[in-house]
Amino acid sequence: MASRRLLRALTKTTPFLFRNSSSRRSLVVPPFSHANASSTKPASAIAQWPHLRYFSSDKHSDEDDNSEDDCGDDEEEDYEDDDDDDYVSASGGKKAYTAEEKEAEAADIGYRVVGPLQKEDDVFKPYEPVFAVVQIGSHQFKVSNGDSIFTERLKFCEVNDKLILNKVLLLGSASQTIVGRPIVPDASVHAVVEEHALDAKVIIFKKKRRKNYRRTKGHRQELTKLRITDIQGIEKPQNAIKPEKPSKPAKKEQEKVAVIA
Amino acid sequence: MKTLVRLEKVKSEERDSREVVAASDIFRAQVSGVCNLTIFMESHLPMFKEKNLQLEVVTELIRGQHPHLKGVYKNKSQRVICVKNMDPEDILLHATRLRNALGRKVVKLRTRHVTKHPSVQGTWTTAMKY
């Protein structure tokens, strides 16, 4: 404050010093020891200052004050605009992923999109007594053939897409167990995307008692349902569980033959 | 005059996805009047139809009702979404959500892993010895 008063006095008494000043409004005011003395002797004070505070020429002190205020306001407005722009761009705009970025992000989460499921694909096999521990994102599941899994929404795949889950941590069968360090190389779990759906609504209720504060917010988590179709990387037992259907028609045929006879 | 949109969609809930792929999905949309839904009908619905040939999209005019999308699923359940005063992009988002869902009842998940064969090497018990 004292320095500002001093400068105002300077501009009034010695305006010639500020005529050739640049338009920049730097607020560098070097401190000086004898403030009281310099207020009465501006000439000696000027000699002590290495730098001068520059004002635009041909302006009164009031206008200088106003310009200072405007300068401060402009700076604040600029900061606010930047913040607003950043906020808008982060929340509103959808990032356009290239194919490589999609693959990279998907691989980071732990899956790879193979392609859409065709009608000719015979992907669904009967149950095999083999299991695997697979990681998707930050969640791990112990899966087997025919299981269904609910994970966080997987971005780059649509319904009826085939996926390969790469992060396999452990493989196991009735006779053998393969432990990964941390993942088993050359092991994969095949899955099909069944649906992308929203979970049931969860109401987040916040209250602070006796403080007149109450907030209610609803949230629905986006989920993806995967159907596990195949596990590769481990020897599967040869004696597969046979379904009971072929035995029933065979029995019926035998009964019919007996009746006819 | 109030406008109405109905979107009917049928999708299989069977485990066998062969049925999902081969299902004759029906996706109906009922629209009339001048509103954001008509803009959606003109701009986004043809593309939606092309991408989902397995769905039957039907548009109907029903007077006196708010514009809505109606999804009819193969498990005979229906899901209705009111799209009154929504932007065409939001309507497309809701239509895509209807299309992605299976039609099962929206219930809080009990487990994230549904299986019929929980154990391969045998369920552990305290009496088990290796």
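**Figure 1. A salt bridge between Arg104(B) and Glu195(A) in the predicted model.** In this predicted model, Arg104(B) forms a salt bridge with Glu195(A), and the closest N and O atoms of the two side chains are 2.7 Å apart. Arg104(B) lies in the loop between α4 and β5 of chain B, while Glu195(A) belongs to strand β8 (residues 188-198) of chain A, so the pair joins two chains. Side chains of opposite charge can pair when their charged atoms come close.

**Figure 2. Arg97(B) and Glu222(A), another pair that crosses between the chains.** The salt bridge of Arg97(B) with Glu222(A) has its closest N and O atoms 3.6 Å apart. The pair runs from helix α4 of chain B, where Arg97(B) is found, to strand β11 of chain A, which holds Glu222(A).

**Figure 3. The interface of chain B and chain A.** In this view, 29 residues of chain B are in contact with 38 residues of chain A, and the two chains bury about 2,800 Å² between them, with 52% of that area on carbon and sulfur atoms. How many salt bridges are counted between chain B and chain A? The count is three, and one of them is formed by Arg112(B) and Glu152(A), whose closest N and O atoms are 3.0 Å apart. Polar contacts also cross the interface, where 12 residue pairs are found with both residues at pLDDT 80 or more. On the side of chain B that touches chain A, the elements giving two or more residues are α1 (17-22), α4 (88-100) and β5 (113-114) of chain B. Of these, α1(B) gives the most, with five residues. Sorted by class, this side of chain B has 11 nonpolar, eight polar and 10 charged residues.

**Figure 4. Strand pairing between the two chains.** Strand β4 (residues 148-152) of chain A pairs with β5(B) in the antiparallel sense, and the pairing extends over two bridges. Within this pairing, Ile149(A) stands opposite His113(B), a residue of β5(B).

**Figure 5. A salt bridge within chain A, between Lys125(A) and Asp230(A).** The closest N and O atoms of Lys125(A) and Asp230(A) are 3.2 Å apart. Lys125(A) counts as partly exposed, at 37% relative accessibility, whereas Asp230(A) is buried, with a relative accessible area of 7%.

**Figure 6. The hairpin formed by β9(A) and β10(A).** Strand β9 (residues 202-208) and strand β10 (residues 213-219) of chain A run antiparallel and are joined by seven bridges. Among the residues in this pairing, Lys206(A) has Arg215(A) in β10(A) as its bridge partner. Four residues lie between the two strands of the hairpin, and in the turn Arg210(A) has a positive phi of about 65°.

Figure 7. His94(B) lies in helix α4 of chain B. Is His94(B) buried or exposed? At 18% relative accessibility, His94(B) counts as buried, because the cut-off for that class is under 20%. Leaving aside residues up to four places away in sequence, His94(B) touches Leu69(B), Ile81(B) and Met86(B).

Figure 8. Ser119(B) is found in the segment after β5 of chain B, where Ser119(B) counts as partly exposed at 27% relative accessibility. The side chain of Ser119(B) reaches the backbone nitrogen of Gly122(B) at 2.9 Å, and a polar atom of that side chain also lies 3.1 Å from the backbone nitrogen of Thr123(B).

Note on methods
Residues are numbered from 1 along each chain as its sequence is written. Chains are lettered from A and ligands numbered from 1 in the order in which they are written. This is a predicted model: local features need pLDDT of at least 70, side-chain atom pairs count only at pLDDT 80 or more; totals for chains, interfaces and linings use all residues. Side-chain values use heavy atoms; hydrogens and water are left out. Contact means heavy atoms within 4.5 Å. Buried area is the accessible area (1.4 Å probe) that two parts lose on being put together, summed over both. A salt bridge is a side-chain nitrogen of Lys or Arg within 4 Å of a carboxyl oxygen of Asp or Glu. A polar contact is a pair of N or O atoms within 3.5 Å; within protein, one must be able to donate a hydrogen and the other to accept it, and residues adjacent in sequence count only if both atoms are side-chain atoms. Ala, Val, Leu, Ile, Met, Phe, Trp, Tyr, Cys and Pro count as nonpolar, Asp, Glu, Lys and Arg as charged, and the others, Gly among them, as polar. Two strands pair if DSSP finds at least two bridges between them. Buried means under 20% relative accessible area, exposed over 50%, partly exposed in between (1.4 Å probe, protein chains only).
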